[in-house]
Amino acid sequence: MSRVAGLFVVALCALASSARAQSSVTPVQPGSSTAIMVSSTKSASARDIEITLPSVTASGAPRSYQVVSVPVPDALSRSPDVEVEIVPRGQFVILGPRTRALDAGSGRKRLGVTIGIPASALAGRIVAAEARFTSPGSPTLVVPVEIDVTLVRVVVLRPAAGPINAQAGNDVILPFDIANAGNAIETVSASLALPSGWATREMHPAPLVIAPGETLKRRVRLKIPALSATGSAFVQVSLLVGADTLASEIMTIEIFNSSSIGSQSGPLVTSAISHAVDENGHGNQLFTLSANGALYDSVRIDARMSQGAAFGGAASNAFARLGSYQSSASLMLSAPSGQLSLGNTGTSFSDLTGLYPYGQGALLHLQHPNWNVLSLGAMSLPPVGSTTRKPMFGIRGERQFGSAQLSTSISHLADEGISPRSLDAFGVGAAVPSPFGSTFKAEIAERRFQGGSGFGWSSELVRVAGQGNEQLRVTHAPGGSDAFARATNEILANISEPLSSRLTVSASAWRTTDATSVFTGLKSNGLSLRPQYTLHGATTIALDARSYVFDAASRQTTPGVGGAFGTRDQQLGISLSTYLRQYYFNSSAYLGNVARTVSPSGQPTVTDRSPRNYWMTNAGWSGVGGVIEVQMRVEQTRDRGGFVNQQSLFGIRGEQVVLPWLSGIRAEGELQRINGFGNETSAIMRAGLAIPVVNGFSLKVDAERNSIFHSTSGRVPWILGLRIEHVLMVPMLRTPGKSGYVFEDLNGNQRRDPGEPGVPGAIVRRGGETAVADASGKYRVGGDFRQPVTIDEASLPDGWSASGADHSDLGVSLSTSAEIELVVAPRSGIAAVQVDLAKAHVIARDDAGREWGAIMTGPTTATFQALPIGTYKLEFDLSELSEPLVPRLPIPVLIVTGKDSKSITIILDPRPIRMWNAADGRGGSAQKK
Amino acid sequence: MRIALKFFQKSAVLLVFAGAALVSACLKSTEPQPSLIDLMGTWNYVGVQTGPFREDLTGTLEITSESGTSFQGQLNLTGRNTQTGETRPLNGLVSGSEKGIGVIDFDADIESSLRRHVGQIVVDTITGTWAGPPSGGSMASGTFRLERESR
């Protein structure tokens, strides 16, 4: 009983000391322990009883050490034998001895403890250690040591390793990691600064909650404008907490803009359903499906079909605005070696054996460097209101014989309709090189058509040289356009020639005559002359003179129709075109007249002649962010005679305009006012939006009010159109392309040896396809397998160049300069020989036999500006020197290591002069050897 | 560079609007005269293009004004390529006149070129042929038939 009473006395003293201890360290913070906790076991000695005193608090940052002064409890302040044990908590560490002995009675009232705060310590107050004071006969007094860990906000943004490449017009995924390297939970939002015209596919990105030590992987999908040019684009990603930017990185994306779909991706399957309301309020629907892209290496698919129709011009117009077109089903597979087309298909065999026959069937085109074969088998489409179809087939073969090309074709073509066509033809042709770089082509053919037959012929002279070109074509095709030709007779001449660096002249003239089931005679002829002068780089001015005449004589057999009519149109104009950066301006004005004649059957000819003058201008801005243009056209003719008279048009339009504040939605719009014919006016108002949604879905909406579309009640309604589109990129049938490594060919042996590192970021090309080597130097590129894979040396660091290929591995090496010092030796010690070495040719030949030429950079110095690593044999061509010299043997080899410039000296010896005595009969003069 | 750009922009805009204002101010419409023909209203258009490619043409011709023997209106067509099945809208302004007895002659401004139509009117039907500037070496030409839908 007395023992327990004694313990309570000690406890009361400890309480009193704790009050003083707190006042000597730091004020007690809310939430900290303020109570004295007493714990003991039933059979415990005094030492087994623990009394927790108020804590001592200090503050510090992670990764720091704090020295904390811990007061000795008052209850032990007179004890000469106090033991202290410092017990760390969690990952906190204690520097120095953990147990110490104190003589509190000597006046030592405090204890210094050095605590290391771990890097992972979370922000806030944490118990870091306990100071456990014991003394004989006294309970254990525990003083917690709390560390108020200061807030550290560190969020790290790590872009994914390796280059990011994308095709213009496609989406690109931007991967990056967000790591919270601080000591508090952060709620961050990502902000993107995109190049002009780009858009993010994420409509409303949610903030990210990230715990200390946690790393989140994020991928942002971006839409790259189709008009983006090949090159580097930069996207800045910033991580924000409130208004604070915690991290920011600029990521580089390499954009490639080729006409084909990138080979790294499979076909793009686009399905869309479009709905449009026509002028009378009727709904029209059209479903379209297309697939375009690479099926696998070098093999591409282009397929499309549609279901539905547009009734009425307004709906058809709306569908066109939405990019939806009605078409027959077709499928085309194309490869460098050939093309197969199924479904709705067509081709042209030649001017004489059939132009533009189309139908439903198959087309096969096989291509070889020395020959190609084209064949078609199809049924013509039935005309509206009929089921009649006609079979069509034909085949054309071409073969190269030296520089000449021979061809032959045979065809049986026909179709149905109001004006049916038919042709059975067999022809042979040739194309041969002609003087001045031109090509002469000729063909003859037997043509049989509806109502007759004849022998056709055509010839053409074509020359294309640099920026100039000339063409002269003469064709006679009996049967004309009713027998799958352009016309019965045609003569055509085109020429375009640069006369100086600033002046270019283009001219053309043509004459055609034809006869069809509708017209007994259909004649046209015309000419144009256009000199164009470049005022400065971006501004050109041109004069334009043109004349066009046609005469049409209708067949009397056509019910209600007869007679003839014709038009002669002559114009003289001037035009100006210029641009500055993305702004452009074009304007042209024409003065002229039009004469129109009509000769109805049995009536006198009526002739009208009227001036026709017009001026049109458009100016605007064009970039990846869209096109905005103002346009104007004013036309004036006499107020009679069938001309669209005194018409003026003023408009402003925008196409594919990016609205960056609306998540990259693209907008289109048009306002146009047309004044014409007296007080008559009409107007077009149109607005459209292209809205990317999610998962490849997008919406297009279009609204147009066009005076040309009236309802039956005469009202001009708004024509509304909606297109819901889904785009799906499907994988290729097999991994495309050729793969290999771009590597540093350190020893110049053009083989990849162990230890030779890859070259990340190197761009390789095969035909029109492009790929970028990854971080290990590996690349994969598609394209025509028959073409070589080459390195774009512009993508290599300075001084590096392609050194050769070992199968699919492409070596690059550091090129260095090498100097060859030529020293002319004195002749037999008699006298120095003075020779001008400027015409000396020094050649280095590498192991592959390739020659590298040096240039004379000094009187006696030949310099190789850039030699790849390797060993070279030196060769000398000294035949152009005034004095015969020979290099002294042995000629040393030139070894280029790629590190330092190399310099070697070559001694050139004059040929010795030997003298003979003429008397001995073996020679009579000095002879050079 | 920036100054040059601004100058360019201002000059281009001023030139466009000044020129447009000048020319439009010069435009003067002829006063309408009493109509000597009776073509006002809607006509159903059915036609074909026989060259350079085959196309079925359907739509309407809206005659909206007449003056003397001339008339103006709008043509609103849908063309269907009979070889490929593809369709396309063909819209434009129309201006014409009556030439001779019952001969209707008009131009339709379609795709920036004038298609000359000449036909014979019999009661409420006009039948004829049309031709236009060449495209790809072939003249665009064909037949048409107009039937009056409403007056």
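Predicted model: local features only at pLDDT ≥ 70, side-chain atom pairs only at ≥ 80, totals over all residues.
## Chain A overall

Chain A has 929 residues, of which 33% are buried. Its secondary structure is made of 63 strands and two helices.

Contacts in chain A reach across the sequence. Among those with a separation of 6 or more, 57% join residues 24 or more positions apart.

## Nonpolar cores

The largest nonpolar core holds 38 residues. A:Val742 and A:Val764 touch the most other members of this core. A:Val742 also has A:Val764 among its own contacts.

A second core is separate and has 34 residues. Its members come from chain A and chain B, including A:Val598, B:Val48, B:Leu90 and B:Phe144. In soluble globular proteins, nonpolar side chains tend to be buried together.

Strand β20 of chain A spans residues 268–277. It pairs with β45(A), residues 718–729, in the antiparallel sense. Nine bridges join the two strands. Within this pairing, A:His275 stands opposite A:Leu722.

β20(A) also pairs with β21(A), residues 283–296. This pairing is antiparallel too, over 10 bridges. A:Val277 of the pair faces A:Gly283 in β21(A). The two strands form a hairpin, with five residues between them. In the turn, A:Gly281 has a positive phi of about 85 degrees.

## A three-strand sheet

β4, β8 and β6 of chain A form an open sheet in the order β4-β8-β6. The pairing is antiparallel. β4 (65–71) and β6 (93–95) stand at the edges. Each has a single partner strand, so one side of each is left without a neighbour in the sheet. From one strand to the next, the twist averages 40 degrees.

β4(A) and β8(A), residues 110–116, are joined by seven bridges. A:Pro71 stands opposite A:Arg110 in β8(A).

## A four-strand sheet

Another open sheet has four strands of chain A, ordered β11-β13-β17-β15. Its pairing is antiparallel. The edge strands are β11 (155–159) and β15 (199–200), and each pairs on one side only.

β15(A) meets β17(A), residues 215–223, over two bridges. A:Thr200 has A:Leu222 in β17(A) as its bridge partner.

## Loop residue Ala515

Where does A:Ala515 lie? Its place is in the loop between β34 (503–514) and β35 (519–536) of chain A. Is A:Ala515 buried or partly exposed? A:Ala515 is partly exposed, because 19 other C-beta atoms lie within 10 Å, and a buried residue needs 20 or more.

Which residues does A:Ala515 touch, not counting those up to four places away in sequence? They are A:Gly480, A:Thr488, A:Thr520, A:Gly521 and A:Leu522. A:Ser481 is 34 residues apart from A:Ala515 in sequence. In space, the C-alpha atoms of A:Ala515 and A:Ser481 are 7.6 Å apart.

Definitions and conventions: Residues numbered from 1 in each chain as written. Chains lettered and ligands numbered in written order. Pairing = 2+ DSSP bridges. Buried ≥ 20, exposed ≤ 12 C-beta atoms within 10 Å, placed from the backbone. Contact = placed C-beta atoms within 7 Å. Core = buried A, V, L, I, M, F, W, Y, C linked by C-beta atoms within 7 Å. Axes fitted to C-alpha atoms, helices over the stretch in contact; angles between N-to-C directions.
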